[in-house]
Amino acid sequence: DRSNNGFVQRKEFGYFLRYIVYYNNLWSLFSFLDDDSDRRITLDEFTDAADLLALPRDAQDIFHEIDANGGGMILFQEFVDWMATNEPTFKALDKDDMQLLEKILDDES
């Protein structure tokens, strides 16, 4: 709702749909990283997936950056907040990594 009137206008609807798809894809990725399905990502779970994510820096450093409340686990909201400002980092994935990630996201749907 870009006009802050409480309604999604026709001209905003495409943006709204893209946002829902983006959010759903983040949930799928988060769920994939969360091996034990407790809705929290541990440091071990995150570092296990570091190669797939093609992280530009040390996985532990990024984990602690995402873990905004310092609880030792990444919560979904922390993941979403971090991805919203850092997702271009993941554009560096090569073609094989992207195909694997797309398959994972499709399988999660």
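Visitor: Where is Tyr-19 placed?

Guide: In this predicted model, Tyr-19 belongs to helix H1.

Visitor: Why is Tyr-19 called partly exposed?

Guide: Its relative accessible area is 47%. Buried would require a value under 20% and exposed a value over 50%. The 47% of Tyr-19 lies in between, so the residue is classed as partly exposed.

Visitor: What makes the pair of Tyr-19 and Tyr-23 stacked?

Guide: A pair of aromatic rings is described by the distance of the centres and the angle of the planes. Rings pair if their centres lie within 6.5 Å, and planes under 30 degrees apart count as stacked. For Tyr-19 and Tyr-23 the centres are 6.0 Å apart and the planes form an angle of 25 degrees.

Visitor: How are Tyr-19 and Tyr-23 placed relative to each other in helix H1?

Guide: Helix H1 covers residues 10-33, and the two tyrosines are 4 residues apart in it, which means a separation of about one helical turn. Tyr-23 is also partly exposed, with a relative accessible area of 32%.

Visitor: Which residues of the largest nonpolar core touch the most other members?

Guide: Of its 20 residues, they are Leu-33, Phe-46, Leu-55, Ile-74 and Phe-79. H1, helix H3 (50-53), helix H4 (59-66) and helix H5 (76-86) each supply at least two residues of this core. H5 gives the most, with 5 residues. Across the protein, buried residues make up 30% of the 109 residues.

Visitor: How do you know that Arg-40 and Asp-38 form a salt bridge?

Guide: The closest N and O atoms of Arg-40 and Asp-38 are 3.4 Å apart. The cut-off is 4 Å, so the pair qualifies. Arg-40 is partly exposed at 35% relative accessible area, and Asp-38 is partly exposed at 27%.

Visitor: What makes Glu-65 and Arg-57 a salt bridge?

Guide: Here the closest N and O atoms are 2.9 Å apart, which is within 4 Å, and therefore the contact counts. Glu-65 is partly exposed at 37% relative accessibility, as is Arg-57 with a relative accessible area of 42%. The structure holds 2 salt bridges.

Visitor: What is the secondary structure of the protein?

Guide: The protein has 6 helices and 2 strands, following the pattern α-β-α-α-α-β-α-α along the sequence.

Visitor: Where in the protein is confidence lowest, and where is it highest?

Guide: Confidence is lowest in helix H6 (residues 95-108), at a mean of 63, and highest in strand S2 (residues 74-75), at 98. The protein averages a pLDDT of 83, and 79% of the residues score at least 70. Where pLDDT is low, the predicted coordinates should not be read in detail.

Methods
Residues numbered from 1 in each chain as written. Predicted model: local features only at pLDDT ≥ 70, side-chain atom pairs only at ≥ 80, totals over all residues. Heavy atoms only, no water. Phe/Tyr/Trp six-rings, centres within 6.5 Å; stacked < 30°, edge-to-face > 60°. Buried < 20%, exposed > 50% of the residue type's maximum accessible area, 1.4 Å probe, protein only. pLDDT = per-residue confidence, 0-100. Core = buried A, V, L, I, M, F, W, Y, C linked by side-chain atoms within 4.5 Å. Salt bridge = Lys/Arg side-chain N within 4 Å of Asp/Glu carboxyl O.
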